[in-house]
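Subject: Structure handover

Hi,

Here is the structure I promised to pass on to you. Please have a look at it first, and then read my notes below.

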Amino acid sequence: MKSKTALALLSLLPLGGLALAQVKSDEPQKQNIIDEVVWMVGDEPILLSDIEYQKLVLRSEGHTEGDLDCVIPERIAIQKLFLNQAKIDSIEVGDTQVNRMVEMWIQNAISQLGSQEKLEEYFNKKIGQIREEQATQVRNEEIVRAMQQRIAQDVRVSPSEISAFYKQLPQDSLPFVPKTVEVQIIAMQPQIPLSEIDRVKGVLRGYADDINAGKREFSTIARLYSEDKRTAAQGGEYGFVGKVSLDPAFATAIFNLSEKNRVSPIIKTDEGYHIAQLIERRGDLVNFRHILVRPVVEEKALEQASARLDSVAGLIKDQRLTFEQAAELYSEDKNTFNNGGLMTNSSNESNFSGSALFRYEELPQDIAKVAYTLKPGEVSKPFTMRNDKGLEQVAIIRIKAEHAEHMANMNADFRTIKEMALAKKRARVIDEWIRQKQRETSIVMAPRYRNCTFQYPGWVHDKK
């Protein structure tokens, strides 16, 4: 039996200073509501406004399946269980990461609804309120994700478990493996004249002098001029990281900073040239701002690099060198030159992450549009691309192998099936954790929710 949000709740005794009140409206974006506590999960309340806001968010994203008046409070209650444990385990997430995700969500929502004004009208809130509520939601989701990873971090699957998992899978449940390719690359950096490097350093020294003299704010210059698009919008703020997450030379310079208002010396990395400013240090972690400026590559330098690579491609086509030998001798791609030029899929969202397999759409854009035109074994002509550091390079590629689409099998797709078996086992561990926490946690809900059909029926109990 479905619950009705417009029905009045029976009053309950105050819980932790809060009481369950009467529902006034099913459309919070159009009418004023007397907010109310409708669930208590331990000491954590779930407000009607939380549920109504999430209903609007899900509907804005096109999700309408299920009884949202039952689905959403259960989702929030599960989240509360994880958040309670995360407090005990001192799990936190950085503001920079949260802010980036919120801005992406807001821009996507504005794009779907047409304008900021329509977004504010839809939620009946100013953009600042929407941003704040979404930041809370995103932060909670990231903490929950981190908590789930910790719960399941020691889960492993043995070869026998993988085999058993595969055997019990119905044929129509086997994953469909799309067409994939293995790509080899040889890349060369165009020569940058010393005069251009001196120009870049002069620009950064000018920024540093103005900041140290108090004439300009570091964050303002970063927003206007930094070429690191990941951090520029946040005033150059990087977020808390450890040494191992940074380029070694960059890490040394950053962890040597002691004065928050002073600007670092110029730092050279594979991405270009930087200046940085300390924000805060927490033990082995540091948060900082930085400004990145890259040297401009002249067209003549690109042409010269292209001519050199064209000669290398000729040696390969004449079979005087294999592609693997040429990669070792000539490639300046640090990720692939000692691996025969073979690229590795580093997309966290790909089923093939960590392997040499790519769907065409998972390849970097500059590489993908060339790879589409090649047959297996064919070497491309030199082309200009931007690498993962954002720098211009000249490259040639070769399709080492092409794998037709097929239903997964143990011989060709052991890795894929292993990940499926591991994901199922981790999900089971997390599912058991949720049920255990349900039994241990005091849960009180408004009467109307007791008629919901929950994924986890154990919510309906009152532990005193």
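Predicted model: local features only at pLDDT ≥ 70, side-chain atom pairs only at ≥ 80, totals over all residues.

Residues are numbered from 1 along each chain as its sequence is written, and side-chain values use heavy atoms, with hydrogens and water left out.

The C-alpha trace spans about 85 × 65 × 45 Å along its principal axes. Of the 464 residues in the chain, 44% are buried (buried means under 20% relative accessible area, exposed over 50%, partly exposed in between, with a 1.4 Å probe and protein chains only).

Now to the cysteines. There is 1 disulfide, defined as a pair of cysteine sulfur atoms within 2.5 Å. Cys70 and Cys452 form it, with their sulfur atoms 1.9 Å apart. The pair links distant parts of the chain, 382 residues apart: Cys70 sits in helix H2 (residues 68-88) and Cys452 in the segment after strand E11 (443-445). The torsion about their S-S bond is about -70 degrees, so the disulfide is left-handed. Cys70 counts as buried because its relative accessibility is 5%, and Cys452 is buried too, at 9%.

Finally, take a look at Arg426 in helix H13 (residues 414-440). At 32% relative accessibility, Arg426 counts as partly exposed.

Best wishes

Conventions:
Helix = DSSP H or I, 4+ residues; strand = E, 2+ residues; numbered from the N terminus.
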